[in-house]
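Colleague: I have the file open. Can you take me through what the computed features say, starting with the inside?

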Amino acid sequence: MSSRLDAWERRTAPILTALAAAALVTLVLEAAFDAHTRAATALNYLAWATFAVDYAIRLRLAEDRWRFVRGHPLDLAAVALPMVRSLRLVASIARVAALSQRGLAERVIASTVLIASTVLLAGASVGLEAERDAPGANITSFGDAMWWALTTVTTVGYGDRYPVTAEGRVVGGVLMVVGIATMGASPQPSPHS
């Protein structure tokens with residue numbers, strides 16, 4: 001990695017993470033209280049624009065641009081899919097983890113748990129937004145959405161709460177993949193311990 005790109009990422013990672021976390025908090029609050037404000041919308045646009053500018057700068061600073069694009073799929077998705085706000089926080093956390101915790105298995109696990117928790121909160125929020133007013137919906141409160149997201153991401157899937165909209169099912173699919181990936185990233189006991 002070029003030293004200029006590395007320096008840029010180290011300087012901007014905390015700012016982007018804080019901005020993405022603030023956007024996630026507004027997403028959760030909007031879903032939980034079914035309240036949409038201009039301030040939350042403005043914060044969402046600001047976060048997206050900041051991530052887009054940051055991605056463009058990092059792409060420009062990269063020595064091998066195609067390798068950079070292939071190596072940062074979450075970052076690209078966070079910019080290309082502005083409606084999936086939670087991707088910005090996931091991308092930020094992954095970037096901070098990669099920069100400050102290279103090579104340490106324990107920290108990778110902590111990062112995985114943090115990412116999974118973020119996806120859980122965001123999944124519940126986005127799922128609730130999709131389901132709340134849909135005909136036949138059974139995910140109509142934030143408590144319902146959190147229960148559904150938790151049982152989905154842990155792959156338990158009791159079936160008492162389930163999405164009825166296409167958007168809700170897509171969120172459910174993402175939660176399942178994150179749950180399976182998180183289990184796959186868990187440390188395996190050594191046969192010699």
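Colleague: Which residues touch the most other members in the largest nonpolar core?

Modeller: Of its 22 residues, Val-119, Leu-128, Phe-142, Trp-148, Ala-149 and Leu-175 do. A nonpolar core here is a set of buried Ala, Val, Leu, Ile, Met, Phe, Trp, Tyr and Cys residues joined through side-chain atoms within 4.5 Å. Buried means under 20% relative accessible area, exposed over 50%, and partly exposed in between, with a 1.4 Å probe and protein chains only.

Colleague: Which helices each supply at least two residues of this core?

Modeller: They are α1, α6 (105-131), α7 (142-153) and α8 (166-185). The largest share, 8 residues, comes from α6. Helices (H or I, at least four residues) and strands (E, at least two) are DSSP runs, numbered from the N terminus.

Colleague: And what does Val-119 touch?

Modeller: Val-90, Leu-175 and Val-178, leaving aside residues up to four places away in sequence. Contact means heavy atoms within 4.5 Å. Another core, of 12 residues, lies apart from the largest one, and its members include Leu-16, Phe-51, Tyr-55 and Val-79.

Colleague: Before I go on, where do these numbers come from?

Modeller: This is a predicted model, in which local features need pLDDT of at least 70 and side-chain atom pairs count only at pLDDT 80 or more, while totals for chains, interfaces and linings use all residues. Residues are numbered from 1 along each chain as its sequence is written, and side-chain values use heavy atoms, with hydrogens and water left out.

Colleague: Fine. How many helices and strands are there?

Modeller: The protein chain has 8 helices and 0 strands. Buried residues make up 41% of its 193 residues. Among contacts between residues at least 6 apart in sequence, 63% join residues at least 24 apart.

Colleague: Back to α1. How far apart are its end C-alpha atoms?

Modeller: They are 45 Å apart, which agrees with the 45 Å that 31 residues (3-33) should span at 1.5 Å a residue. The expected span is 1.5 Å times one less than the number of residues.

Colleague: Where does α1 bend?

Modeller: At Thr-12, by about 40 degrees, and Pro-14 follows within four residues. The bend is the angle between axes fitted to the seven residues ending at a position and the seven starting there. Just after α1, Asp-34 takes a positive phi of about 50 degrees.

Colleague: Switching to charges: how many salt bridges does the structure hold?

Modeller: It holds 7. A salt bridge is a side-chain nitrogen of Lys or Arg within 4 Å of a carboxyl oxygen of Asp or Glu. One joins Asp-54 and Arg-58, at 3.0 Å from N to O. Both lie in helix α2 (residues 38-61), 4 residues apart, about one turn.

Colleague: Is that pair buried or exposed?

Modeller: Asp-54 counts as buried because its relative accessibility is 4%. Arg-58 is at 2%, so it is buried too.

Colleague: What else does Arg-58 meet in a salt bridge?

Modeller: Asp-75, at 2.7 Å from N to O. Arg-58 lies in helix α2 and Asp-75 in helix α4 (residues 73-80), so the pair ties together parts 17 residues apart in sequence. Asp-75 counts as buried, at 8% relative accessibility.

Colleague: And Glu-129, which residue does it form a salt bridge with?

Modeller: Arg-132, with the closest N and O atoms 3.2 Å apart. Glu-129 is partly exposed at 31% relative accessibility, whereas Arg-132 is buried at 14%. Elsewhere, salt bridges that share partners join Glu-9, Asp-54, Arg-58 and Asp-75 into one network.
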